[in-house]
Amino acid sequence: MQQAVKIAPSILAADFTRLGQQLADAQAAGADLIHVDVMDGRFVPNLSFGALVVEAAHRSTSVPLDVHLMILEPDHLLKDFADAGASRISVHIEACPHLHRTLQAIHSLGCQVGVALNPHTPASALSEVMHLLDVIIVMSVNPGFGGQRFLPETLPKTRQLRQMIAASGRAIDLEIDGGVNVETAAVCVEAGVNVLIAGSAVFNAKFSVAQGMDMLRHAISR
Ligand code: DX5
Ligand code: ZN
């Protein structure tokens, strides 16, 4: 049976002059998670923000924070993000030479444990760590920027990951990140995704946060 699909607005697209209000709007509109994109200017070409913004977001909302670390060798920063209020922390498999140890460290900090996969990384890369995971993020764009075009070639991998999750017997959330909007949300759900991460489809000057979330829900209800 298809489980309920969660929506995780990504604050990368939010108006930072009024982040607290944008988070309150997302919470009122029923956001299940708040996705927080941390970029280091090395693993990805862009810089975003660090634990200070996670801590500010944590004070502004009671919605769990889904922290996505796009940083090389993140081990020395994990505690900062846990202390700042992250509920779940995902690292990139491509950025972690000792992934098994990194995942154990996230767990020992009391956070849910996640791994993100770039578009070129196969599902099989996770076969030896499935027992450690609570979250898998399929990148449906090359990470680093909001507002990019969805890459449909990531959908077969998403289907494979859903099968691996079923075989594991674990309640792992399968998230998809990048280019998720009213046109692409339904195929993601059809491919087994149960968490839609959405930046510009939710935080957008053209409509309210509540309207953005409603449009996404409508897109997957048909
Ligand atoms: C991209 C980030 C995404 C980004 C998505 O590197 O990981 O979370 O915020 O933005 P949209 O939904 O606009 O593609
Ligand atoms: Zn992200």
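Trainee: Which residues is T154 in contact with, leaving aside its neighbours within four places in sequence?

Mentor: This is a predicted model, where local features need pLDDT of at least 70, side-chain atom pairs count only at pLDDT 80 or more, and totals for chains, interfaces and linings use all residues; side-chain values use heavy atoms, with hydrogens and water left out. Residues are numbered from 1 along each chain as its sequence is written, while chains are lettered from A and ligands numbered from 1 in the order in which they are written. Contact means heavy atoms within 4.5 Å. With those neighbours set aside, the partners of T154 are P119, V138, M139 and S140.

Trainee: Is T154 buried or exposed?

Mentor: T154 sits in the loop between β6 (135-139) and α5 (155-168); helices (H or I, at least four residues) and strands (E, at least two) are DSSP runs numbered from the N terminus. Buried means under 20% relative accessible area, exposed over 50%, and partly exposed in between, with a 1.4 Å probe and protein chains only. T154 has a relative accessible area of 1%, so it is buried.

Trainee: How many residues of β6 are buried?

Mentor: Take the two faces in turn. V135, I137 and M139 are buried on one side, and I136 and V138 on the other. β6 is mostly covered, and its buried count is 5 of 5.

Trainee: Moving on to β4, which residue in β5 stands opposite S90?

Mentor: β4 and β5 (residues 112-117) pair in the parallel sense over 5 bridges. Facing S90 across that pairing is G114.

Trainee: Which are the edge strands of the sheet?

Mentor: The sheet is open, with 8 strands and parallel pairing, in the order β1-β8-β7-β6-β5-β4-β3-β2. Its twist averages 25° from one strand to the next. An edge strand here pairs on one side only, which gives β1 (6-9) and β2.

Trainee: What angle does the direction of α7 make with that of β1?

Mentor: α7 (residues 209-221) packs on the sheet and touches β1 and β8 (195-198). Axes are lines fitted to C-alpha atoms, for helices over the stretch in contact, and angles run from 0 to 180 degrees between N-to-C directions. On that scale the angle is about 145°.

Trainee: Which residues coordinate the zinc ion (ligand 2)?

Mentor: Donors are N, O and S atoms within 2.8 Å of the metal (3.2 Å for Na, K and Ca), and sites may look incomplete, since water is not among the atoms. Donor distances here run from 2.0 to 2.3 Å. The donor residues are H35 (NE2), D37 (OD), H68 (ND1) and D177 (OD).

Trainee: What geometry does that site have?

Mentor: Four donors are tetrahedral if all angles lie between 85 and 135 degrees; four are square planar and six octahedral if opposite donors are over 155 degrees apart and all others between 65 and 115; anything else is irregular. The zinc ion (ligand 2) has 6 donor atoms, with angles of 70 to 168°. The site is octahedral.

Trainee: How many residues apart in sequence are the parts that D37 and D177 tie together?

Mentor: D37 lies in β2 (residues 34-39) and D177 in β7 (residues 173-177). Both D37 and D177 are buried. The pair therefore ties together parts whose separation in sequence, in residues, is 140.

Trainee: Within what arc do the buried residues of α2 fall?

Mentor: In α2 (residues 51-60), V53, V54 and A57 are buried. The face turned away from them carries the exposed L52 and R59. The arc is that of the directions from the helix axis to the C-beta atoms. The buried residues line one face of α2, because seen down its axis they fall within 105°.

Trainee: Where is E73, the residue with a positive phi of about 40°?

Mentor: Most residues other than glycine have a negative phi. E73 is not a glycine, yet its phi is positive. E73 is found in the loop between β3 and α3.

Notes
Pairing = 2+ DSSP bridges.
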